Amino acid sequence: TRVFISYRRADTADVTGRIRDRLLSRLNAADVFVDVDSIELGRDFRDAVTAAIEACDTVLVVMCPSWLDSVDQNGRRRLDQDNDPVAAEIETALTREKRVIPLLAGGAVMPAAEELPESIRSFAFLNGLRVRPDPDFDNDMTVLLRAIQQPQVRRP
């Protein structure tokens, strides 16, 4: 089982770190890709991310309440920009038919399809998992680990 974790550092670094730690308690470190820890110095970030998604079985997308409306320093919504890494990661995973699991942290909700860029609209229809704070975090991680260790049912 290889897992890629997609997240925005500014919004979800803490919960992503907890999720990563929990995954590492059951998976090998080489099987859990988190950009900060997994890309060697000097490597092109875009190439490393694409290769990691191609090699993974599951992509986890960690979302917080501001995920959909996150903006850059100029006030432009990040998901709409061609160079947004999160949108690119989701699009790559969907195009390559990877299992993509939205993780809804901090009360986040799934966006409606019309709120997303065309290239990732199908993301809105994926079944996600709420990641709640303690005391429920442990149970949520048990559900997640069980899901990612199950073989993925391929679309016909």
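In which loop does Arg77 lie? Arg77 is in the loop between β3 (58–63) and α4 (85–95).

The model is predicted, with local features needing pLDDT of at least 70 and side-chain atom pairs pLDDT 80 or more, while totals for chains, interfaces and linings use all residues. Residues are numbered from 1 along each chain as its sequence is written, and side-chain values use heavy atoms, without hydrogens and water.

**View 1. Surroundings of Arg77.** The Arg77 side chain reaches the backbone oxygen of Leu68 at 3.5 Å. Apart from residues up to four places away in sequence, Arg77 touches Leu68, Asp69, Ser70, Val71, Glu115, Leu116 and Pro117 (contact: heavy atoms within 4.5 Å).

**View 2. Ser6 in strand β1 (residues 3–6).** Ser6 has a relative accessible area of 1% and is therefore buried (under 20%, with a 1.4 Å probe and protein chains only). Its side chain and that of Glu89 form a polar contact of 2.5 Å (N or O atoms within 3.5 Å, one able to donate a hydrogen and the other to accept it). Neighbours within four places in sequence aside, Ser6 contacts Leu60, Val61, Val62, Val86 and Glu89.

**View 3. Helices α1 (residues 9–24) and α5 (residues 137–148).** Their axes, fitted to C-alpha atoms over the stretch in contact, come within 11 Å and cross at roughly 55°. From α1, Arg18, Ile19, Arg22 and Leu23 make the contact, and from α5, Phe137, Asp138, Met141, Leu144, Leu145 and Ile148.

Methods:
Axes are lines fitted to C-alpha atoms, for helices over the stretch in contact, and angles run from 0 to 180 degrees between N-to-C directions. Helices (H or I, at least four residues) and strands (E, at least two) are DSSP runs, numbered from the N terminus. Buried means under 20% relative accessible area, exposed over 50%, partly exposed in between (1.4 Å probe, protein chains only).
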